[in-house]
Amino acid sequence: MNIIIYGSKYGSAKKYAEELARRTGFELAPYEDAGDINGYETIVYIGALYAGGVIGMKKTLGRLKDIAAKKIIIATVGLADPTDKENVENIRRSVERQLSKELFETARIFHLRGAIDYSRLNLKLKMMMALLVKKVKSLSPEKQNAETRAMLETYGKQVDFIDFESLKQIEEAV
């Protein structure tokens, strides 16, 4: 038995999960509805990067037992370019903080680009983003990283970097 579980804030991770489920025939569930996942052999977790972590990942994968007997694949979804080495290192550190050492070392980890439409953000998040952008703008270019540069480039816009072709690497891994 195989499952794809997703944690999505604005829909990009869900779109990737739905497309991967269509391609693989795996069961599909949002992390809130995944229940006990210990009976699955292959677990793919696709989660949006949000507030320094991957939505729902720690809660969902933290319940796993007998990790060594499972194939675990994690795909993060964010705005910053996943081909940028510094960005990938930052994401991996974030993922590592959310998982046990055994789970982090067992899982295959991939990174996908998502989408954002600032007009759809709620007021609280718009205010938080405005403050964060103001802070990032005050940094010298040398202190900005790929993630903060992507934030500045996309702030206030509607952008869509979703690329279903990038799912091929995950399909091959499963």
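Here is a short chat about some rings and helices in this predicted model.

User: Before we start, what are the ground rules here?
Analyst: Residues are numbered from 1 along each chain as its sequence is written, and side-chain values use heavy atoms, with hydrogens and water left out. As this is a predicted model, local features need pLDDT of at least 70 and side-chain atom pairs count only at pLDDT 80 or more, while totals for chains, interfaces and linings use all residues.

User: Why is the pair of Tyr 16 and Phe 164 called edge-to-face?
Analyst: Rings of Phe, Tyr and Trp (its six-membered ring) pair if their centres lie within 6.5 Å; planes under 30 degrees apart are stacked, over 60 edge-to-face, and the rest tilted. The model has 2 aromatic pairs by that rule. For Tyr 16 and Phe 164 the centres are 5.9 Å apart and the planes 85 degrees apart, so edge-to-face it is.

User: What makes this pair a tie between separate parts of the chain?
Analyst: Tyr 16 is in helix 1 (residues 12–24) and Phe 164 is in the loop between strand 8 (158–160) and helix 7 (168–173), so the pair ties together parts 148 residues apart in sequence. Helices (H or I, at least four residues) and strands (E, at least two) are DSSP runs, numbered from the N terminus.

User: How do you know whether Tyr 16 is buried or exposed?
Analyst: Buried means under 20% relative accessible area, exposed over 50%, and partly exposed in between (1.4 Å probe, protein chains only). Tyr 16 has 0%, so it counts as buried. Phe 164, at 31%, is partly exposed.

User: Why is Arg 113 said to sit over the ring of Phe 161?
Analyst: A charge sits over a ring if NZ of Lys or CZ of Arg is within 6 Å of the ring centre and within 35 degrees of the ring normal. The charged end of Arg 113 is 3.7 Å from the centre of the Phe 161 ring, and it does count as sitting over that ring.

User: How do you know that the span of helix 1 agrees with what it should be?
Analyst: The expected span is 1.5 Å times one less than the number of residues. Helix 1 has 13 residues and should span 18 Å; its end C-alpha atoms are 18 Å apart, so the two agree.
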